[in-house]
Amino acid sequence: MGTLRVGIAYPDPPFNGMPGDTGLDVELMTAVAERLGESAEFIRYAGADAGGVIDGLCAGACDCAAGITVTVERQRVVAFTPAYLITGQALAVDTARHPHVRSVDDLAGLTVGVCATGAGRPLAQRLAAAGRVGAVETFDGGIGAALSALTSGGCDAVFGQGPALTESTKPLTGVDVVQKGLSTDPVAIAVAAHDGHLLGRIGDALSALESDGTLQRLRRRWLGNPYTDQSLATL
């Protein structure tokens with residue numbers, strides 16, 4: 001039996017780092033590896049920074065990367081399977097300081113924190129260019145770094161991927177996710193741009209897991225979203 005080396009941004013609940021060191025992507029990639037007749041070895045990239053995982057993939061440190069939001073910039077350097085999840089950016093606010101902020105329409109003059117390589121950065125920059133956001137601060141180290149700045153007063157609000165932002169704010173007093181569905185972002189498995197063979201094998205495994213109900217069960221368990229047609233339930 002071979003080994004499928006899977007790069008993951010860690011911790012990134014509910015995709016990984018959940019109690020028992022599990023999560024959606026851990027269970028999904030274990031099932032994918034089994035379909036390929038292999039075992040999954042998870043290569044952790046600290047800070048939940050997808051950019052670091054992609055760098056590792058391009059350097060050959062892992063065979064694939066799970067839980068990667070598909071963007072135009074990333075498609076230039078890696079190849080993606082069909083999406084297994086459609087999610088979107090969400091807005092978290094320090095409601096203790098800014099109880100009036102309930103949506104992006106209330107961010108004028110405020111500072112929004114985003115992950116340096118995250119899909120929320122272009123959204124925040126567009127809003128800033130339109131004068132709807134006061135300033136944009138970028139943070140290395142994933143959503144945890146941005147939320148740390150939020151709780152310490154380094155920014156007033158944070159954009160992040162819906163499921164991860166929701167899970168990460170649960171233990172934070174005075175921080176609430178006030179708006180979801182600010183974008184439509186496919187999440188997929190990435191492989192090196194030149195590895196069409198592995199891309200096809202993993203794509204076939206995903207299709208089989210969708211057909212036998214495994215993917216629906218995983219989405220329901222970790223996200224409350226069982227739909228095969230992900231456009232029915234963007235998170």
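## Basis of the report and an exposed arginine

Arg221 has a relative accessibility of 54% and therefore counts as exposed (over 50% relative accessible area; buried is under 20%, and partly exposed lies in between, with a 1.4 Å probe and protein chains only). The model is predicted: local features need pLDDT of at least 70, side-chain atom pairs count only at pLDDT 80 or more, and totals for chains, interfaces and linings use all residues. Residues are numbered from 1 along each chain as its sequence is written, and side-chain values use heavy atoms, with hydrogens and water left out.

## Salt bridges

Side chains of opposite charge can pair when their charged atoms come close. With a salt bridge taken as a side-chain nitrogen of Lys or Arg within 4 Å of a carboxyl oxygen of Asp or Glu, the count comes to ten. One of them joins Arg221 to Glu27, with the closest N and O atoms 2.5 Å apart. Glu27 belongs to helix α1 (residues 24-35) and Arg221 to helix α8 (residues 214-223), so this pair ties together parts that are 194 residues apart in sequence. Helices (H or I, at least four residues) and strands (E, at least two) are DSSP runs, numbered from the N terminus. Glu27 is partly exposed, with a relative accessible area of 21%.

Asp63 and Arg5 also meet through their side chains in a salt bridge, at 2.9 Å from N to O. Because Asp63 lies in the loop between α2 and β3 (64-69) and Arg5 in strand β1 (residues 2-10), the pair ties together parts 58 residues apart in sequence. Arg5 is partly exposed, at 27% relative accessibility. A further salt bridge is formed by the side chains of Asp156 and Arg97 (3.0 Å, N to O). This pair links distant parts of the chain, 59 residues apart: Asp156 is in the loop between α5 (142-152) and β9 (157-161), and Arg97 is in the loop between β6 (89-94) and β7 (111-115). Asp156 is buried, at 11% relative accessibility, whereas Arg97 is partly exposed, at 35%. Asp94, Arg97 and Asp156 are linked in a network of salt bridges.

## Helix α1

The twelve residues of α1 reach 17 Å from the first C-alpha to the last, close to the 16 Å expected at 1.5 Å a residue (the expected span is 1.5 Å times one less than the number of residues). Buried residues of α1 include Leu24, Val26, Leu28 and Met29. Among the elements that cover the buried residues of α1 are β1, β2 (38-46), β11 (185-192) and α8. After α1 comes Gly37, whose phi is positive, near 75 degrees.

## The loop residue Ala83

Ala83 is found in the loop between β4 (78-80) and β5 (85-87) and is partly exposed, at 39% relative accessibility. Leaving aside residues up to four places away in sequence, Ala83 touches Pro186, Val187 and Ala188, where contact means heavy atoms within 4.5 Å. The C-alpha atoms of Ala83 and Gly118 are separated by 17 Å, and these residues are 35 apart along the chain.
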